[in-house]
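Look at the model first, then follow the questions.

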Amino acid sequence: MAAFSSSSSAPMLIRSVLFVSLLSAAFVFDSGEAGAAHRVVDPEWHPATATWYGSADGDGSDGGACGYGTLVDVVPMKTRVGAVSPVLFKGGEGCGACYKVRCLDTSICSRRAVTVIVTDECPGGVCAFGRTHFDLSGAAFARLAVAGHGGQLQNRGEISVVYRRTACKYGGKNIAFHVNEGSTTFWLSLLVEFEDGDGDIGSMQLKQANSAQWQDMKHIWGATWSLTPGPLVGPFSVRLTTLTTKQTLSAQDVIPKNWTPKATYTSRLNFA
């Protein structure tokens, strides 16, 4: 407060207010509920188990229950994808969350952890009965071992691991909204991609052109949300709130008036 009482600070303050006002026309970023944690990183390690699937040096999921499709085959998701048990999948609301996973046998395991992005669900078998389980790509599983021993670790099948939540980092990418196939002006379905930080989504709203009303979207499966009342008139603004730390971000007019199904529209912002 004292810093702003100085008369010499006034021009700088005015310029700052004008700059913020101009930025608000492009996007809005809100830290969410008062007192909410602003970092998703969990300092504590928790026990779990892990297996691997696909080819021994493979990337993992071909698509997966989160709906990311071919994104799982390319960087930055490539080889870092994983299926998780329902405890972590959370009916699809856990999609996009990132975890560090490390194995425990010091005779073969590396001390470094691998980072895993939730892109799929493993609902049965070792993933059932309330267990916390990671089913990793062959490449990710092998990297849990010290150099040259990935194959030996894979031969063990199921192993004990520890895990903790970590912030997602997509290396300079901004949040994107993919319009799913089959979307119309009466049923709009969006998939959220490349969300830094929490990675997960707790709620989404959409605002139509020339409207001040935010309409609640419905979580239908994976990382996909939809809105059914129509006709819907673009351009559309999208507001999403993370599941874990309740941070909110609004991308103004991110989906244009002439939007098309199967197109992806990238915002100019992301969570820190």
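Q: Which residue of E7 does Arg102 stand opposite?
A: Arg102 stands opposite Val162 in E7. This is a predicted model, where local features need pLDDT of at least 70, side-chain atom pairs count only at pLDDT 80 or more, and totals for chains, interfaces and linings use all residues. Residues are numbered from 1 along each chain as its sequence is written, and side-chain values use heavy atoms, with hydrogens and water left out.

Q: What makes E4 and E7 paired strands?
A: A strand is a DSSP run of E with at least two residues, numbered from the N terminus. Two strands pair if DSSP finds at least two bridges between them. Strand E4 (residues 98-103) is joined to E7 by 6 bridges, so the two count as paired. They run antiparallel.

Q: Why do E2 and E7 count as paired?
A: Strand E2 (residues 46-53) and strand E7 (residues 159-166) share 5 bridges, in the antiparallel sense. The rule asks for at least two, so they pair. His46 has Tyr163 as its bridge partner in E7. Thr49 has Ser160.

Q: Which strands form the closed barrel, and in what order?
A: The barrel has 6 strands and runs E2-E6-E3-E5-E4-E7, with mixed pairing. Neighbouring strands are turned by 50° against each other on average, direction ignored. The angle is taken between axes, which are lines fitted to C-alpha atoms, on a scale from 0 to 180 degrees.

Q: How do you know that E7 is mostly covered?
A: Buried means under 20% relative accessible area, exposed over 50%, partly exposed in between, with a 1.4 Å probe and protein chains only. In E7, 7 of its 8 residues are buried.

Q: What makes E12 and E16 edge strands?
A: The open sheet has 5 strands in the order E12-E13-E9-E8-E16, with antiparallel pairing. Strand E12 (218-221) and strand E16 (264-266) each pair on one side only. Within this sheet, 4 bridges join E8 (residues 176-179) to E9 (residues 188-193). His178 stands opposite Leu191 in E9.
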